[in-house]
Amino acid sequence: MSVLDDIIVGVRDDLARRESALGLTELTARLGDIEPARDPMPAFRAPGASVISEVKRRSPSKGDLAEIPDPTVLAASYAAGGAAAISVLTEERRFGGSLADLVAVRAAVDTPLLRKDFVVESYQLVEARVAGADLVLLIVAALDDATLHRLHDEARALGLTVLVEVHDEAETERAVALGAELVGVNARNLKTLAVDPDAFSRLAPLVPADRVLVAESGITGVGDVERYVGEGARAVLVGEALVKDGDPEGAVRAMSAIGTTPTPSTTTTGAAR
């Protein structure tokens with residue numbers, strides 16, 4: 001069993017517990033009280049690097065990353081630094097997140113929010129909207145084609161922007177065929193936790209230029225953001241580097257400035273996306 005398979009077993013167990021406590025019909029009824037989802041795509045398509053800043057306590061690969069007793073404080077720092085979106089991890093067992101974190105952050109900031117989790121069922125999409133998410137993650141490696149297409153269509157019908165995550169060529173082809181507008185290339189393979197630093201540069205040319213590319217994982221600072229923007233990324237998703245930074249607001253601001261004005265160290269090759 002791969003790392004991803006093991007994570008999903010736990011996700012399904014936790015999902016069954018939540019569904020038994022609150023049925024889909026009752027959960028769906030709560031959508032009537034939720035304001036419309038925010039659209040992050042104009043910001044992602046704007047010049048410069050859009051930063052998706054992540055509220056992340058721990059990960060399967062690195063263990064504990066940071067104590068985050070109040071995610072709203074961190075989220076407010078991200079928003080003040082100009083984050084284009086804020087990712088809130090809601091997976092409990094491996095990442096130490098919760099839907100309560102997402103609800104709290106939604107109440108604290110107006111920035112578009114991504115529910116970062118391992119979505120395998122429709123119930124989780126409705127949960128995301130009810131909790132205030134504007135975006136949701138679908139991981140191609142975790143879903144067969146029929147389920148990927150169904151969840152993608154259902155998410156869009158709920159008003160959610162879908163970040164479709166890929167790790168290799170075959171997954172990228174599936175994301176393109178799906179019509180995904182927002183494609184995230186994760187340098188970390190969730191099946192093995194191995195990191196391929198060249199994954200983005202290898203997979204980016206397979207994605208049509210009218211789509212928006214997001215670079216994920218392995219981003220330690222401004223230099224990495226410059227490299228990914230030069231290779232065609234419109235956005236970067238950054239977690240560990242920001243939660244460990246003593247000045248997350250300043251770090252987001254510095255990353256967001258990449259590509260807005262020419263700098264000697266910034267490359268432009270492939271940045272026509």
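**Briefing on a predicted protein chain**

Buried residues, meaning those under 20% relative accessible area with a 1.4 Å probe and protein chains only, make up 52% of the 273 residues in the protein chain. This is a predicted model, in which local features need pLDDT of at least 70 and side-chain atom pairs count only at pLDDT 80 or more, while totals for chains, interfaces and linings use all residues. Residues are numbered from 1 along each chain as its sequence is written, and side-chain values use heavy atoms, with hydrogens and water left out.

**Fold and dimensions**
- The protein chain contains 12 helices and 10 strands, taken as DSSP runs (helices H or I of at least four residues, strands E of at least two) and numbered from the N terminus.
- Its C-alpha trace spans about 55 × 40 × 35 Å along the principal axes.
- Of the contacts with a separation of 6 or more in the protein chain, 70% are between residues 24 or more positions apart, a contact being heavy atoms within 4.5 Å.

**Residue K116**
- K116 is found in strand 5, which covers residues 113-116, and is buried with a relative accessible area of 12%.
- Leaving aside residues up to four places away in sequence, K116 touches E54, S87, V88, L89, T90, E91, L137 and L237.

**Confidence**
- The average pLDDT of the protein chain is 92, and 95% of the residues score at least 70, where pLDDT is the predictor's confidence in each residue, from 0 to 100.
- Over residues 263-273 pLDDT stays under 50, and the model has 24 contacts beyond four places in sequence for them.
- Where pLDDT is low, the predicted coordinates should not be read in detail.

Conventions: Buried means under 20% relative accessible area, exposed over 50%, partly exposed in between (1.4 Å probe, protein chains only).
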